[in-house]
Amino acid sequence: MNWAHVGTVILAAFLASLVECVEALTIVLAVGTTRGWRPALTGAGAGALVLTVVTLVAGPALQRIPLTSLQLVIGVLLLVFGMRWLVKAILRASGVIPLHDETAIYANETAALARDRGGDRIAVLTAFKAVILEGLEVIFIVIAVGAHGLLAPAAAGAVLAAALVILAGFALHRPLARVPENSLKFAVGVLLSAFGVFWMGEGLGYSWPGRDLALIGLIAAVAALGLLAVVVVQRSATTHRSSV
C-alpha cells in the first residue's frame, strides 16, 4: 500500500465520521440542554462503549476472511453505501430535496424531549440511540476502507473527526450548523463509491493501471460524474417547474 491509498483511507474515514458525529452530537446536545447533561453523557458514553466492543470484535474477524472474497463483498457494500450518500447529496445540491438542517433537527429534538414525561430514562435512551445509529455507519466505513492492513489509519481518521466535533460542539454548546454537511456528504459519497469500484475490481482479479494510484483516477471520475449529475438534475427540475 502506498500513500495514495493510505491518504484516501484516512480522508474517507475522517469525512464520513465528521458528518455522522455532527448528526449524533446534535441530538446529544438537545438531550443535554433539555434534560440535563448527566443523562445525555450517560447515554452517549454507553453507546460509545457498545460501538468500541463491536469494533474490537468485528475488525479482527474480518482479517480471517480470504482477501479476494473480502475485497469483492466490501467493494459491493461500499459502492451501495457510497451511492446512497452521493444520490442524496446530488438531489440536495440540485434543489430537489431540502438541505439537511442541523439547527431545525436540534429544535425538533428539543421540543420533543420537552413534551415527553419519561424522565431521565428517555433522555439516556435518546442519546444512546443517536450515538449507536450514527456510530454503526462510522464503524462500517472504518472497517471496510481499512480492511486488511489499513484499519489503524482509518480508525485514526475517525477518531480525529470525533474529537474535533466533540470539542467544537461542547465549546459552542449548540449544533454545528455551519458545517457544510451536504458538501461533505458529496465528498464521502465520491470516496466510498471510488473505493467500492476499486475493491470490486481487486476482488474480480482485475489489475488496476498504476495499482493504488488508480484510486485517484477513480475518485476524479466519480466526482466528475456526480457534478455532471447535479447540473442535469437541476436543469430537469427547472424545466419541470417551468412547464407546470
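**Exercise 1.** Find which residues touch the most other members of the largest nonpolar core.

*Solution.* Start with the set itself: the largest nonpolar core has 48 residues. A nonpolar core here is a set of buried Ala, Val, Leu, Ile, Met, Phe, Trp, Tyr and Cys residues joined through side-chain atoms within 4.5 Å, where buried means under 20% relative accessible area with a 1.4 Å probe, protein chains only. Leu-78, Trp-85, Ile-141, Val-145, Phe-186, Leu-192 and Phe-195 touch the most other members. Next, look at the elements: H1 (3–35), H3 (67–93), H5 (120–145), H6 (151–172), H7 (181–203) and H8 (214–243) each give two or more residues to this core. H1 gives the most, with 13 residues. Finally, another core of 11 residues lies apart from it, with Val-28, Val-31, Ala-127 and Ile-139 among them.

A word on the model: it is predicted, local features need pLDDT of at least 70, side-chain atom pairs count only at pLDDT 80 or more, and totals for chains, interfaces and linings use all residues. Residues are numbered from 1 along each chain as its sequence is written, and side-chain values use heavy atoms, with hydrogens and water left out.

**Exercise 2.** List the contacts of Leu-78, leaving aside neighbours within four places in sequence.

*Solution.* Take contact as heavy atoms within 4.5 Å. Leu-78 then meets Phe-140, Ala-144, Val-145, Leu-192, Ser-193, Phe-195, Gly-196 and Trp-199.

**Exercise 3.** Describe the chain as a whole, from its elements to its burial.

*Solution.* First, count elements (DSSP runs; helices are H or I, at least four residues, and strands E, at least two): there are 8 helices and 0 strands. Then turn to burial: 44% of the 244 residues count as buried.

Methods:
Buried < 20%, exposed > 50% of the residue type's maximum accessible area, 1.4 Å probe, protein only.
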